[in-house]
Amino acid sequence: MTWTELVMAAAPMQGDQPAVSDVRTGEVLSYAAFGRRVTRAAQGLRAQGLRYGDPVLVNVPLGATLPVAVHAVAWAGGVAVLGAAGEARMMIAQDHYDPAAVKVDQVFSFRPAPGARPFAELLSSGAVEFGPLAGPAFTLGGERVFDNTELATDLRRLAARLVIGKDDVVISAVSEPFRGLRVIDLAMMSGARVVVAHEPSLVGCRVLAQERRATMVVAPYDLARRLLGDPILRVVDERAVVSSLGL
């Protein structure tokens with residue numbers, strides 16, 4: 001299985017069960033919606049001229065829309081570039097963006113933005129049934145390019161180490177988008193639910209864990225250290241989800 005295939009693997013079984021919940025916006029992304037949007041947006045990107053290996057800027061904050069944007073690009077055969085500036089074939093934004101900071105042919109936005117077309121337009125051109133088997137898929141600002149095989153292999157290793165099950169509820173208390181994406185990828189491949197908390201305080205994290213009946217939290221070192229000793233929560237330092245990639 002490729003990177004995106006691993007993340008989508010639980011979708012048929014989990015269906016309309018929530019995959020990602022964003023505390024800040026209230027958005028909830030189900031497994032079924034994730035699989036549907038990724039495969040359809042991938043076809044939409046291809047229909048708009050995206051070619052294999054083309055870079056696509058992804059200027060989307062950590063939350064329910066980030067995994068859709070990144071995996072749609074990867075499933076289409078493009079390379080998702082996390083960032084708000086640079087040169088690329090296309091750009092996917094959450095809402096506003098700086099036209100002076102980018103050189104792109106087209107911009108698609110999840111929310112209305114001047115000069116951008118609705119992301120929803122990408123969902124009306126059918127679906128890509130099979131994504132690329134290998135090749136480049138993701139880069140952090142163009143400094144290092146990760147291919148599908150590397151990302152999939154690392155995700156399997158993480159899953160074997162951290163052992164997340166379909167009944168787990170994982171609080172993502174990280175703020176860096178790629179680390180947050182790895183938490184979402186890891187949980188979704190296991191059929192679990194992720195609650196994106198956006199830098200909660202110690203008290204806020206504990207309250208959220210109780211409200212959502214969380215079983216695991218991934219957090220920065222200082223917060224993770226202070227959460228240790230909770231009899232219910234498994235606590236993971238956020239560095240653990242990217243350390244094997246050399247980050």
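Biologist: Is the crossing of H5 and H6 left-handed or right-handed?

Modeller: First, some ground rules: this is a predicted model, in which local features need pLDDT of at least 70 and side-chain atom pairs count only at pLDDT 80 or more, whereas totals for chains, interfaces and linings use all residues. Residues are numbered from 1 along each chain as its sequence is written, and side-chain values use heavy atoms, with hydrogens and water left out. A crossing is called left-handed if the near helix is turned anticlockwise from the far one by less than a right angle, and right-handed if clockwise; the crossing of H5 and H6 is right-handed. Helices (H or I, at least four residues) and strands (E, at least two) are DSSP runs, numbered from the N terminus.

Biologist: At what angle do H5 and H6 pack?

Modeller: Two packed helices are described by the angle between their axes and the distance between the axes. Axes are lines fitted to C-alpha atoms, for helices over the stretch in contact, and angles run from 0 to 180 degrees between N-to-C directions. Helix H5 (residues 148-162) packs on helix H6 (residues 177-189) at about 70°, the axes being 10 Å apart. Angles under 35 degrees count as roughly parallel, over 145 as roughly antiparallel, 65 to 115 as roughly perpendicular and the rest as oblique, and H5 and H6 are therefore roughly perpendicular to each other.

Biologist: Which residues in H5 meet which in H6?

Modeller: With contact taken as heavy atoms within 4.5 Å, Leu151, Asp154, Leu155, Leu158, Ala159 and Leu162 in H5 meet Phe178, Arg182, Asp185, Leu186 and Met189 in H6. The residues of this contact of H5 with H6 comprise 8 nonpolar, no polar and 3 charged, where Ala, Val, Leu, Ile, Met, Phe, Trp, Tyr, Cys and Pro count as nonpolar, Asp, Glu, Lys and Arg as charged, and the others, Gly among them, as polar.

Biologist: How do H3 and H4 pack, and at what angle?

Modeller: Helix H3 (residues 31-47) and H4 have axes 8 Å apart, at an angle of about 50°, and are therefore oblique to each other. The crossing of H3 and H4 is right-handed, and the residues of their contact divide into 11 nonpolar, 2 polar and 2 charged.

Biologist: How many residues of H4 are buried?

Modeller: Buried means under 20% relative accessible area, exposed over 50%, and partly exposed in between (1.4 Å probe, protein chains only). In H4, 11 of the 11 residues are buried, so this helix is largely enclosed by the rest of the structure. H4 is followed by Gly77, whose phi is positive, near 100°.

Biologist: How many residues has the largest nonpolar core, and which have the most contacts inside it?

Modeller: In soluble globular proteins, nonpolar side chains tend to be buried together. A nonpolar core is a set of buried Ala, Val, Leu, Ile, Met, Phe, Trp, Tyr and Cys residues joined through side-chain atoms within 4.5 Å. The largest nonpolar core here has 68 residues, and those with the most contacts inside it are Trp3, Val58, Val70 and Phe138. Helix H4 (residues 66-76) gives the most to this core, with 9 residues. Apart from it lies another core, of 16 residues, including Val169 and Leu223.

Biologist: Is Val163 buried or exposed?

Modeller: Val163 is exposed, with a relative accessible area of 54%, and has a positive phi of about 50° although it is not a glycine. His198, also a residue other than glycine, has a positive phi near 60°, but His198 is buried, with a relative accessible area of 17%.
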